Amino acid sequence: MKYSARAGLGSVALALAACSGDLPSAASSDAGNKPDVVKDVVTADQAPPLSCAEAKACEPGDNQPLASCIVSLDATLVNPLGAPLPGEAVYLCGLTVCSSELTANAQGKVHADVCVWFISAAIKYLGGPNFAGFAMAIPPTLSAISLPAVTLVPLPSAGVDFPPAGGDVVSNGVTMTVGPNAVKFDLADSQDGNRRKFRAVEVPIDKAPPFLDPSLKLEALWGLSPINASITPAALLTIPNTKGWKPNTVVEFFVNGANNGIANPPAPYGGWAAIGNGFVSADGKTVSMDPKPGNGVAMTGMVGVRIK
């Protein structure tokens with residue numbers, strides 16, 4: 001398996017030793033080096049699986065508190081009806097390294113023997129124009145990751161261009177209000193115009209990405225694409241009141257951090273951050289962010305909402 005500084009185009013390469021106990025340092029600026037091959041990727045329909053002989057070195061006690069050694073990943077990528085999604089790919093990413101694409105086989109299954117140290121490890125799905133993307137922190141106590149079903153929720157087939165002059169952009173009943181030339185797309189993503197269109201979809205809570213923090217008590221999830229587009233000033237968001245909250249109910253918005261390649265992200269990588277309060281409209285049909293300064297979506301991705 002190859003590892004680079006982040007998943008996407010234009011990655012800066014890092015050379016790693018597999019589970020040696022030595023953690024990767026901060027991302028190197030030497031873009032001329034190619035990633036070392038530390039493990040081959042083995043899909044679930046190939047046999048025998050790799051043995052990951054170095055796994056015994058993945059033990060507690062390292063002096064980096066956010067570090068964990070991921071020994072292996074097994075997951076099945078499915079749509080909301082449970083049908084497999086062959087060809088879709090996830091990544092294992094930390095703050096300094098990402099795996100290469102881990103692509104699902106004909107049964108939607110992904111298998112990889114990893115045995116690499118990660119700082120703030122997360123399972124990451126970029127989504128593109130087809131499915132809602134996310135990055136979810138892997139509990140540090142886990143080393144062999146087994147996910148029977150990772151549900152990928154499809155985005156609308158038709159996207160909407162962000163208005164260069166600013167204004168509202170609407171998809172699937174979700175309205176995002178952006179300023180003039182406010183949207184900057186992730187340079188690691190494709191420059192295909194279709195991938196840069198706005199799309200939104202509700203993600204059912206029972207189909208939420210793996211490792212969603214239950215302590216957040218999120219009641220609604222929405223995937224906003226393209227993932228990791230930065231918005232300055234932050235955009236205001238209005239979503240349909242699909243939860244049937246009472247008129248004028250005060251809510252709180254959160255955003256998932258899926259970009260492990262920038263300083264001072266709007267949310268910690270693999271985690272969540274509050275991005276402002278909002279309220280249910282008087283007619284009970286929509287939920288809107290409060291327009292006061294400091295509120296807003298500064299980077300697209302998955303958004304969560306709960307009653308405050």
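The structure holds one disulfide, a term for a pair of cysteine sulfur atoms within 2.5 Å. The partners are C93 and C98, whose sulfur atoms are 1.8 Å apart. If you look along the S-S bond, the link of C93 and C98 shows 115 degrees about it and is right-handed. Are these cysteines buried or exposed? C93 counts as buried, because its relative accessibility is 0%, and C98 is buried too, with a relative accessible area of 0%. Here buried means under 20% relative accessible area, exposed means over 50%, and partly exposed is in between, using a 1.4 Å probe and protein chains only.

Before going further, keep in mind that this is a predicted model: local features need pLDDT of at least 70, side-chain atom pairs count only at pLDDT 80 or more, and totals for chains, interfaces and linings use all residues. Residues are numbered from 1 along each chain as its sequence is written, and side-chain values use heavy atoms, with hydrogens and water left out.

Now let us turn to charged pairs. How many salt bridges does a search of the whole structure find? There are three, where a salt bridge is a side-chain nitrogen of Lys or Arg within 4 Å of a carboxyl oxygen of Asp or Glu. One of them joins K197 to D161, with the closest N and O atoms 2.9 Å apart. This pair links distant parts of the chain, 36 residues apart: K197 sits in the loop between β12 (183–184) and β13 (199–203), while D161 sits in the loop between β9 (144–151) and β10 (167–171).

Another salt bridge is formed by E202 and K243, whose closest N and O atoms are 3.9 Å apart. E202 lies in strand β13 and K243 in the loop between β15 (230–240) and β16 (250–256), so this pair ties together parts that are 41 residues apart in sequence. E202 is partly exposed, with a relative accessible area of 22%, and K243 is partly exposed as well, at 37%.

There is also a salt bridge where the side chains of R306 and E252 meet, at 3.1 Å from N to O. What does this pair tie together? R306 is in strand β20 (residues 302–307) and E252 is in strand β16, so the pair ties together parts that are 54 residues apart in sequence. R306 is partly exposed, with a relative accessible area of 21%, whereas E252 is buried, at 14%.

Next, find T249, which is placed in the loop between β15 and β16. T249 is buried, with a relative accessible area of 17%. Its side chain reaches the backbone oxygen of K246 at 2.6 Å. Which residues is T249 in contact with, leaving aside its neighbours within four places in sequence? They are G278, F279, V280 and I307, with contact meaning heavy atoms within 4.5 Å.

The backbone has some features to look at too. Most residues other than glycine have a negative phi, and most peptide bonds are trans. With that in mind, look at the peptide bond from S225 to P226, which is cis, with omega near 5 degrees. P226 lies in the loop between β14 (220–225) and β15. The peptide bond from T232 to P233 is also cis, with omega near -5 degrees, and P233 is found in strand β15.

Turning to phi, N181 has a value near 50 degrees, which is positive in a residue other than glycine. N181 lies in the loop between β11 (174–178) and β12, and it counts as exposed because its relative accessibility is 53%. N228 likewise has a positive phi, near 65 degrees. The place of N228 is in the loop between β14 and β15, where N228 is buried, with a relative accessible area of 3%.

How values were computed:
Helices (H or I, at least four residues) and strands (E, at least two) are DSSP runs, numbered from the N terminus. A polar contact is a pair of N or O atoms within 3.5 Å; within protein, one must be able to donate a hydrogen and the other to accept it, and residues adjacent in sequence count only if both atoms are side-chain atoms.
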